[in-house]
Amino acid sequence: RLRVLSGIQPTADSFHLGNYLGAVRQWVRLQDTHETFYMIADLHAITVEQDPKVLRQRTRVSVAQLIAAGVDPERSALFVQSQVPEHAQLNWVLECLTGFGEASRMTQFKDKSTRHGSDHASVGLFTYPILQAADILLYQANAVPVGEDQRQHLELSRNLAQRFNHRYGKTFVVPEPHIVKDTAKIFDLQDPTAKMSKSASSPNGLIELLEDPRRSAKKIRSAVTDTGREIVFDTENKAGVSNLLTIYSALTERDISDLESAYEGKGYGDLKKDLAEVLVEFVTPFQERVQSYLGDIAELDKILARGAERARSVATETLSAVFDRVGFLPAG
Ligand code: TYM
């Protein structure tokens, strides 16, 4: 079976709808066809300052959300990045293979460092995509399910895999991004030209899976749309409506064209009202499942211990091949 790896950062109190539709939902699906490795990227999280207590809590809440979304710890290796030390070890080797200019071209660093002020940005934030490459290459992943915003990082992973293979002999699988076009970029409800993100300018643009569902419903009902009245998918002229249709279609698995005909002659208000209901029906049982998993921390930690063990059995093998190729002496 082909392998999949992906990760998510535990840097918010809740996943948002973009995380879910763009990435996590694909993670769940790929379990049917692939050998799957899914991790909480806590090493990535500390590239910006985190409160230790909050980080620990968010890490567990992230795991609970993944399981509630359908990641099955029996079928997937579900683990926390820091519990598999090989990530940091392979990271070093890959850093030594990455050009400074190459790393400087990563646009997410440019965006984030301007937000934090470049003097305050950590070196870890700068080298972040290289650690991401280590995450992927350690598992010889063939496919990496992510949203559109991770495309450039995936390109770096591919380049590093190819460079290593070229220099030291075939060692790594060159990974392919698995980006599902329809939901690759979910937009902010208040600014439908910007991606939905936890750093959004207005909290009303962001749907958090763990917020009060009534609050989410209200955000949907007050989403920005255009002055027209027709409900058609047209990303250029009707970015807001198109985003709502994308979300609606993804949550109900109804085709967009089907929705367009169902809403012919109806208004934006009808669409928003119905979508708000669909969303509430999705998040309500999701939240119940999250709460029940969080009710048994010992069990969650046991799942993570097992996940880390499974991950390590693959990671140690890759790392020892890498260390050997690079010319390090065998460890004891
Ligand atoms: P993160 O934690 O920012 O986001 C997790 C996933 O959610 C996707 N995503 C979106 N998809 C569609 N529309 C949106 N508005 C939206 N916002 C976020 C992201 O593309 C991502 O797939 N660097 C990664 C975490 C990571 C990783 C990895 C991913 C660490 N190591 C190895 C893949 C492979 C990140 O910060 O994702």
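**Salt bridges**

Modeller: Let's begin with E211 and K219, whose side chains meet in a salt bridge, 2.6 Å from N to O. Keep in mind that this is a predicted model.

Colleague: Are E211 and K219 buried or exposed?

Modeller: Both E211 and K219 are buried.

Colleague: OK, and how many salt bridges does the structure hold?

Modeller: The structure holds 18 salt bridges. One of them joins E102 and R163, with the closest N and O atoms 2.6 Å apart.

Colleague: Which helices do E102 and R163 lie in?

Modeller: E102 lies in helix α5 (residues 100-104), while R163 lies in helix α8 (residues 151-168), so the pair ties together parts that are 61 residues apart in sequence.

Colleague: Nice. Is E102 buried or exposed, then?

Modeller: E102 is buried, because its relative accessible area is 12%, and the cut-off for buried is under 20%. R163 has 25% relative accessibility, so R163 counts as partly exposed.

Colleague: New topic: what do the side chains of D258 and R254 do?

Modeller: The side chains of D258 and R254 meet in a salt bridge too, at 3.2 Å from N to O.

Colleague: Last one: which residues are linked in a network of salt bridges?

Modeller: D32, D72 and R75 are linked that way.

Terms used
Residues are numbered from 1 along each chain as its sequence is written. This is a predicted model: local features need pLDDT of at least 70, side-chain atom pairs count only at pLDDT 80 or more; totals for chains, interfaces and linings use all residues. Side-chain values use heavy atoms; hydrogens and water are left out. A salt bridge is a side-chain nitrogen of Lys or Arg within 4 Å of a carboxyl oxygen of Asp or Glu. Helices (H or I, at least four residues) and strands (E, at least two) are DSSP runs, numbered from the N terminus. Buried means under 20% relative accessible area, exposed over 50%, partly exposed in between (1.4 Å probe, protein chains only).
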